[in-house]
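Please look over the notes below alongside the model.

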Amino acid sequence: MTAFVLTVQCISRRGIVAAISGYLAKNGCNITDSAQFDDAVTGNFFMRTTFVAETGVDLDALTKGFAPVAEEFDMTWEFHDARSKMKVLLMVSNFGHCLNDLLYRWRIGGLPIDIVGVVSNHMTYQKVVVNHDIPFHHIRVTKENKPEAEARLMSLIEDSGAELVVLARYMQVLSDEMCRKMSGRIINIHHSFLPSFKGANPYKQAYERGVKLIGATAHYVTADLDEGPIIEQDTVRITHAQSPDDYVSLGRDVEAQVLARAVHAHIHHRVFLNGNKTVVFPASPGSYASERMG
């Protein structure tokens, strides 16, 4: 038996679920889990269905046969082979906590992805990356060479076949053009103090203001800096007895966890863009063991 995932997005109408389940049943498929959301405000419908197919059922044939169903409901849709690992390009600057966390989860199988390379504007983590037998690419970025550096980055993305770019604390702003071209394919992480505490040392500012919650936000990158559709968020409570260094340490922990969850949701096709927001379905109960986070 081969496992697949079908993702569907369209305007809500009667009969969508029946049409999908009927098509799968007729073609020797058995649904193992299905999640759907009907947005009453926008009128949009979202559905993620996992299913297994009898031996000999071909993904190309399934895709071709589904086209008339999709056309009837004007769907945006895609079939995915659950065994296929998404090609991911990681990017980092001088803070390595998120990079190290992703590499660890990847190494133990908790994050089933194909890391096609790591890009950095510094040499800080070259040895760490190379020791994992992953290609390391140093792309120096200055005010003067930024267009050339980004062109080199885009060429690398295309040549590597990267389907997702993860900014694991990459501290350079991407151009509007690149954000538009890679819409829904770049995930960023940052602390959740924004817009209150901007600048190079937000945790010190938070400490001086007596903040009681530290959080992190993972989102898709758009031309609006740090304002893209949110995928995952979390917080950790702190007290008056903790130091500025504690703030930084706790902040790094929550950033790493939130980014990993966001990447995990994306690679399992559980995230749908819904205007300026996202619809994020939970991990399938039937496959939770294979999708769970370490």
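1. The buried residues of helix H1 are in contact (heavy atoms within 4.5 Å) with strand S1 (2-11), strand S2 (29-38), strand S3 (44-53), helix H2 (59-73) and strand S4 (76-81). Helices (H or I, at least four residues) and strands (E, at least two) are DSSP runs, numbered from the N terminus.

2. Two remarks on the basis. This is a predicted model, in which local features need pLDDT of at least 70 and side-chain atom pairs count only at pLDDT 80 or more, while totals for chains, interfaces and linings use all residues. Residues are numbered from 1 along each chain as its sequence is written, and side-chain values use heavy atoms, with hydrogens and water left out.

3. H1 spans residues 16-26, and its buried residues are Ile16, Ile20, Tyr23 and Leu24. They lie on the same side of H1 because they cover an arc of only 95° around the axis, the arc being that of the directions from the helix axis to the C-beta atoms. Ala18, Ala25 and Lys26 are exposed on the face turned away from the buried side. Buried means under 20% relative accessible area, exposed over 50%, partly exposed in between (1.4 Å probe, protein chains only).

4. Over residues 5-87 the chain is 31% helix and 42% strand, with the end C-alpha atoms 17 Å apart.

5. The second largest pocket holds about 620 Å³ of space. Of its 24 lining residues, Glu78, His80, Met86, His266 and His269 are the closest to its centre. S1, S4, helix H8 (244-267) and strand S12 (271-274) each give two or more residues to this lining, and S4 gives the most, with five. By class the lining has nine nonpolar, nine polar and six charged residues.

6. The whole structure has one cavity of 30 Å³ or more, and the largest cavity has a volume of about 80 Å³. On a 1 Å grid over the protein atoms alone, a cavity is a set of points where a 1.4 Å probe fits but cannot get out; a pocket is an open set with protein on both sides within 12 Å along at least five of seven lines; lining residues have an atom within 4 Å of a point. Helix H5 (residues 146-160) gives the most to the cavity lining, with four residues.

Key. Grid points are joined across faces, edges and corners, and a volume is the space filled by probe spheres set on the points. Ala, Val, Leu, Ile, Met, Phe, Trp, Tyr, Cys and Pro count as nonpolar, Asp, Glu, Lys and Arg as charged, and the others, Gly among them, as polar.
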